[in-house]
Each structure stands twice: as C-alpha cells, then as structure tokens.
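Welcome! Have a look at the structure first, then try each task before reading on.

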Amino acid sequence: MRFVDHYCNPNLLEGSRRDGQSSRIGFKALIRRKQVDSAHSSSSSSSSSSRQHQLARELSISHLISIGVGATIGAGVYILVGTVAREHSGPALAISFLIAGIAAALSAFCYAELSSRCPSAGSAYHYAYICVGEGVAWLVGWALILEYTLGGSAVARGISPNLALMFGGNDRLPSFLARQTLPGLDIVVDPCAAILVLIVTALLCKGIKESIAAQAIVTAANICAMMFVIVAGSYLGFKTGWVGYRLPTGYFPYGVDGMLAGSATVFFAYIGFDAVASTAEEVKNPQRDLPVGIASSLSLCCALYMLVSIVIVGLVPYYEMDPDTPISSAFAQNGMQWAAYVVSAGAVTALCSTLLGSILPQPRILMAMARDGLLPSFFSDVSKNTQVPVKSTIASGVGAAILAFFMDVSELAGMVSVGTLLAFTTVAVSVLILRYIPPNEVPLPLSLQEPFDPLSLPCQMSADDIHEKSSEINSPKDSAKPLLDKVDSSIDIPTIGSCLARYGCTLNEKRRRKIAGWSILSTCVGALILTYAASNLSLPSYVRYSVCGIGVMLLLSALVVLSCIDQDDARHNFGHAGGFTCPFVPLLPIVCILINIYLLINLGVDTWARVSIWLAIGVIVYAVYGRTHSCLHDVIYVPTGHAEKVNKYSREVLA
C-alpha cells in the first residue's frame, strides 16, 4: 500500500507541474532538454502534424559519401598546399594532412554515435538540445546559421574568378556574369555568385534525391581532376626524380612545431563531413548508413589530400611553390601548361559541390529549430510533393545570394569556423553526457497532463511492478547513503573502478551522477584554461606555466574520475539502439574537446568580436521569441519510467 499511496499521490504531478512552471523563466529555461525520438515513439507516431513535417527517406551510403566528400573538398585544397608547404610544413605536408585528419576523425566518431542514436534533422543543434540544454542548443544552432550562410556566400564569390581563369580573363566572361563596381558606392557586385546560389537553391527545392544526384556528378568531376593531378604528377615526379624531396633542409625544414602548425591550418580543410549528420532524418537506415557515410567520406578526403600533397611537394621545392596557384605552376614548371585548365575545372567543380553542401544543411537547421518552437513555424513547413523544407530552403538561398552579390565576405571567412568548432565541441560534450549522465527525466506534453486521472495509473501495472516499486520505496533513500557504501564482496559489480571493487565499495547512483557531472564540467573548464594560457604569449612565463598546470590538473583529474566510475546503464536505451558506439570514452571526447577549444581560442580577436555581435543578436531573439514559444514552455518533467507508463496509458485510452 505504501507504493500505491506514493505513486497515485496527485501531488506527484502537481510538484512536477510547479517545476514546469518555474522552468519557463530564469536559468531553468536554459537547461530544459527535449526527449530523443526513440524508435518506438517514431514508429507509433501517426498524428497529422508529424506527417506534415516528415522528410523523405531517400538516402543511402553512396549518397552520404557524395554529400560528405562534396561538402568537404573545396577549392581551398588547390591553394592550401602551396601556402602551408611554404610557411609551415615543407615536404612534411602530407603528415600535416594526416594529423589533421586524425583530429577531425575524433569529432567524426562523436558525430557517428549521436547521429545513429538521434537520427533527426538538426545535427549538433539537435544533439545539444537533447543532452546539454536549450540555451546551449540555441547558441549552437544560431552559430550554424551564420556558418552556412557565410560559407555559401564565400564559396559562391570564389567561383567567378575561377570561371574567368578558364575563359582567359574576367573581360572574357559575359557582361551579366562579370564582377562590376557600382558607381559612387565602391561596392563590387558579383552577379555570377548570386545566380549560382539561386540555381542551387532551386535544385534543392526539387527534392533531396535530385539534389544529391547533381552533387554526385559534380563531386565525381572534382575527384577526376584530383586523380589527374595525382597520376600526371606522379609521372612527372618519376621522370624528374622528385626534386622536391632532395633538399639539404631535410623533410622537416620548420621542425616538428612547423609541421603541427601546418596541421592546425589544414584542419579546416576537413570541415564539411558534419553535413552528412544534418541529413539524418532522410537516411533509409540511419543506424548503419550514417556512421559508414561519415567515416568513408572523411577517409576518402584524407587520402586524396595526402596524395595530392605528396605529388605537388615532390615536383617543386617547397620554397619555390606559388602560394596562389601551386598546382598549376608546378605542372607549368615541368612543361605542362595546359594542365592549368584541368586544375581550374577541378577548382570550379569543387566550389560548386561545396556550395551545394553549404546550403543543404541550413534549411534543416532552421526546420529543426522551428519544430522546437524557437523560430517561427514558417520554417518548419515541408512540401507535400518534394518532402523537403522548401520555405526554409528559399529563405536560406535568398539570404546567401544577397550576401554573395553585394558583399566581399572573404574578410568574414574566420566566422565560418566558429560555428563548426562550437558544434564539434558540443557534440563531444554530448557524448560524455550521454554515457555518464543521460537525461533521467523527460518532458510530458501539456496534452498528456490532463486527459486522465493519475489515480487510475496503478490499475495498469502488474503485481510484479508494484512489488518492485515497493522494494524501492522501502529501501533507504539515496540521499541518506554515504558516498561509499560497503557491499558484499561476492556481489558482481559491473565495470566500476577496480580499486573500489577490490575494497567492496561502490558509488550510489545519485552521487555517481553528481561526480560525473562535475567531472565533465571540469573537462570543459580545464581545456579552456589550458588552451588560453598556452596561446596567450603576452602573459608572464610563471603565470602561463601556473595556469597551464591548473588546466592540466583539471583535465587529468576529470579523465581519471570518469575512467574509474561506471557509465550509466540507461545509455543502452537512449534513443535508437543498435547504432555505432564511440570508442575510447572518456579519452577520445576529452581530446576532441581540447583540440576544438584550442582552435577556437586561436581564431583571433577580430573574428570573436564579429561573432559576439551575431551571438548577442541571437540572445535577444531567444529572449524575445524563442524562450516563450518553445515547445518545452508548458511541459512538466517526470521520471522516464513514469512517462512511459503515462504514454502507454494514454495510448490505451485513445485506442
């Protein structure tokens, strides 16, 4: 009877309802988290509203690889090899690409697990909303909007110069495509960039399958151009004796530090594989296809980057490479001037595929935020014919086209990296949260709070449920237990630290979650302190070393604690089961957090000043609209088990 009295007490929902009311304002509104769409709930959902916002599941592994490679390999690689080889890596450029690829793979592992567990549109925004909270999710989504808008505009502005090079100069282009200066305004407009953005936008509105088919063709052309560089360059290299590697300065002319600095520079050449995760809701088999698509696209990009860099650095000594056209000039110095046309064609196709890869994810980010009520519902509408978010796609395309037409966004290119690195960091933190402190309370919608009497819930439970719950109620409360409880040494203790198990001690669940939460916070703070002190050369030496020591201690202590305590058993039932599992947790996510925060710190003061203005605008938009229109505004939070019984009972009543 004690269990029945406890479970049927109407004050249980009343207390939760009061917590829901208080979550509408203040700090609690920033940490409210939405529920992941489980396989059961998604399959049982049959409401007209859910069908109205459903995207077409059309994508397979080959489509995902096309998206990942097309969005990642841009025209930057045709320029980046010369700049990094001359200034940082020298002949060791391929090793710089390899190290950068390994660093990017850390984030790819985290994306692979979360995308297979939570296969919905929104990518990092969606994962942050489920694992971290609404405030962080909003900032990540708002930063991604900036990234994709500026990224698409910058890519489009880079196409017309390469087209002009293919036609023999800017004056050879048709007048309606050539760049022109507006009289009296000193503004250089680029009609070609705006037209290309609008063409890509119209293509995306036709449907996801048609868009990816077009991108596959353009990406294949780009890969063919890179294969030409590799094969023809290898022929020239064996013919001339690979003069670029026969230098007295050796393989590391700038030392290991220069090679690592080159890795930090070329890391941004791998940005783009996260576009695969943004299409998770449109994948036929997300648990299998998403991890394979992410890993395959990243591996292919890394292999192509390394092969191109090996060939080009071997053709010409690194100090003689042209920083603007390194590949074309390398072939020209070896008597193949006509190869410049092939390289230019490869650069144009690379930019076109990157343009499509930059505009593709943004409508899905807008749609996901509108679904959650943080943006107007206008952005969440999905066309019944094409099953793509047409309104969001048109809004994104028009905005990017206007920027590409009027603004030279090259000076704002650094702002593109902020959104990506924030997303990478948040995804790594989300993996730690999912493993150690997954949400144990879920939001109960307003529609399920009133249509039934909670006193009737016990009638739906079996005697075994009542007996089990009665045993839990009669047991001492977690809060009354000491931090370390003595247990019978004969009991099998799962995966707890060997030192605790040896002495027959274990952490109770409440304390374990609390310690894990503080350890994850310590990881973020330690990484921020360490990277800031290591990057700020203006600090006195003793201050830098002291602060770095504090950061290292925080990181190491968090790593040791998280390695010793159990991961939460609820992680096995979180979201969709049977997908990819990130290896080497907690080490891999912690290293990922450290690398991404280091890159964020080193983006420069000017970049952060511009980004801060955009983020401040986002805070105002959230405070004025998103906070009060959020779908979690009127929900109450109940334990996961209680919510499952409520949902089961409501389905039986409505049946």
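A crossing of two helices is left-handed if the near helix is turned anticlockwise from the far one by less than a right angle, and right-handed if clockwise. Keep in mind that this is a predicted model.

**Exercise 1.** Describe how helix 19 and helix 20 pack: what is their crossing angle, and which hand does the crossing have?

*Solution.* 
- Step 1: Find the two elements. Helix 19 covers residues 361-371 and helix 20 covers residues 390-406.
- Step 2: Take the geometry. Their axes come within 8 Å and cross at roughly 125 degrees.
- Step 3: Classify the angle. Angles of 65 to 115 degrees count as roughly perpendicular and those over 145 as roughly antiparallel, with the rest oblique, so helix 19 is oblique to helix 20.
- Step 4: Helix 19 passes helix 20 in a right-handed crossing.
- Step 5: List the partners. Gln 362, Pro 363, Leu 366 and Met 367 of helix 19 make the contact with Ser 392, Thr 393 and Ser 396 of helix 20.
- Step 6: Sort these residues. There are 3 nonpolar, 4 polar and no charged ones.

**Exercise 2.** Now do likewise for helix 6 and helix 16: at what angle do their axes cross, and how do the contact residues divide?

*Solution.* 
- Step 1: The axes of helix 6 (residues 61-72) and helix 16 (residues 286-315) come within 8 Å, crossing at roughly 40 degrees.
- Step 2: Angles under 35 degrees count as roughly parallel, so these two helices are oblique to each other.
- Step 3: Helix 6 passes helix 16 in a right-handed crossing.
- Step 4: Residues of helix 6 in the contact include Ile 61, Leu 64 and Gly 68, while those of helix 16 include Arg 288, Asp 289 and Tyr 305.
- Step 5: The contact residues divide into 9 nonpolar, 5 polar and 2 charged.

**Exercise 3.** Is Ser 358 buried or exposed, and which residues does Ser 358 touch?

*Solution.* 
- Step 1: Ser 358 sits in helix 18 (residues 339-359).
- Step 2: Buried means under 20% relative accessible area; Ser 358 has 11% and therefore counts as buried.
- Step 3: Setting aside neighbours within four places in sequence, Ser 358 contacts Tyr 148, Gly 151, Gly 152 and Val 155.

**Exercise 4.** How many residues does the largest nonpolar core have, and which helix gives the most to this core?

*Solution.* 
- Step 1: The largest nonpolar core has 160 residues.
- Step 2: Helix 21 (residues 413-436) gives the most, with 14 residues.
- Step 3: Among the residues with the most contacts inside the core are Tyr 78, Ile 312 and Ile 327.
- Step 4: Leaving out residues up to four places away in sequence, Ile 327 touches Tyr 78, Val 81, Val 229, Val 308, Ile 312 and Val 343.

Conventions. Residues are numbered from 1 along each chain as its sequence is written. This is a predicted model: local features need pLDDT of at least 70, side-chain atom pairs count only at pLDDT 80 or more; totals for chains, interfaces and linings use all residues. Side-chain values use heavy atoms; hydrogens and water are left out. Axes are lines fitted to C-alpha atoms, for helices over the stretch in contact, and angles run from 0 to 180 degrees between N-to-C directions. Helices (H or I, at least four residues) and strands (E, at least two) are DSSP runs, numbered from the N terminus. Contact means heavy atoms within 4.5 Å. Ala, Val, Leu, Ile, Met, Phe, Trp, Tyr, Cys and Pro count as nonpolar, Asp, Glu, Lys and Arg as charged, and the others, Gly among them, as polar. A nonpolar core is a set of buried Ala, Val, Leu, Ile, Met, Phe, Trp, Tyr and Cys residues joined through side-chain atoms within 4.5 Å. Buried means under 20% relative accessible area, exposed over 50%, partly exposed in between (1.4 Å probe, protein chains only).
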